Amino acid sequence: MMRPEISLKVARRAAIGAALALLWFFPCAALAGSGKTVSVFFLRETGATGLPEAVAVLRTIPGTTSVLKNALIALFKGPTEEERRTGLSAAFSPESVADYNTECQKKRDAKTLKPLGRYFIGATIERDGTAVIDFQPDAMCYLENTPGNSYLVMEPIEKTAKQFPSVKDVQYSIRGKRITGWDA
């Protein structure tokens, strides 16, 4: 039995055509390998306990390396406008810094204090399961604010970090120096 010969040019065109057809019908399939879906947590007033509850929303982050760091970058971008309309919020903007620390208040009022995400350096997970979230010094205006404001900042960070099975605890550092005591 003889098989018909197909030219390389025809075979190549057929393969390209099939790939384009798949992209037309399944556009998300092309992006599936380019990111990972994670939860980030924002706050919503509940009224029941007096403290806002952390609510998970999904984000797609790039790649599969530095997943914790990329999840926190997505978190620091804050909720979308649609999510804000549903009552979700984040305390990562200078307006959320209370008049607790005179130096931070001056920076906020002079509009030199940046959103918390601008001070984020990175995150690592140690062998014992401790996630260490590293910031530049001005992040202390957010992290060491009034106890209530610190909760509004740290709760979403810690919930976002602890979604990963390898994270058992969350600690903070400033330029690599672990924070061991809090004034707030």
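This is a predicted model: local features need pLDDT of at least 70, side-chain atom pairs count only at pLDDT 80 or more; totals for chains, interfaces and linings use all residues.

**Core**

I looked up the largest nonpolar core: it has 40 residues, and those with the most contacts inside it are Leu72, Phe76, Leu116, Ile133, Phe135, Ile157 and Tyr172. Such a core is a set of buried Ala, Val, Leu, Ile, Met, Phe, Trp, Tyr and Cys residues joined through side-chain atoms within 4.5 Å. Buried means under 20% relative accessible area, exposed over 50%, partly exposed in between (1.4 Å probe, protein chains only). Helix 3 (67–76) and strand 4 are among the elements that each supply at least two residues. Helix 3 gives the most, with seven residues. Helices (H or I, at least four residues) and strands (E, at least two) are DSSP runs, numbered from the N terminus.

Numbering runs from 1 along each chain as its sequence is written, and side-chain values use heavy atoms, with hydrogens and water left out.

**Hairpin**

Next I checked strand 3 (residues 120–125) and strand 4 (residues 130–135), which pair in the antiparallel sense over five bridges (pairing takes at least two DSSP bridges). Phe120 has Phe135 as its bridge partner in strand 4. Four residues lie between the two strands of this hairpin, and Gly129 in the turn has a positive phi of about 90°.

**Arg59**

I found Arg59 in strand 2. Why does Arg59 count as buried? Because its relative accessibility is 16%. Its side chain makes a polar contact of 2.7 Å with that of Glu83 (N or O atoms within 3.5 Å; within protein, one must be able to donate a hydrogen and the other to accept it, and residues adjacent in sequence count only if both atoms are side-chain atoms).
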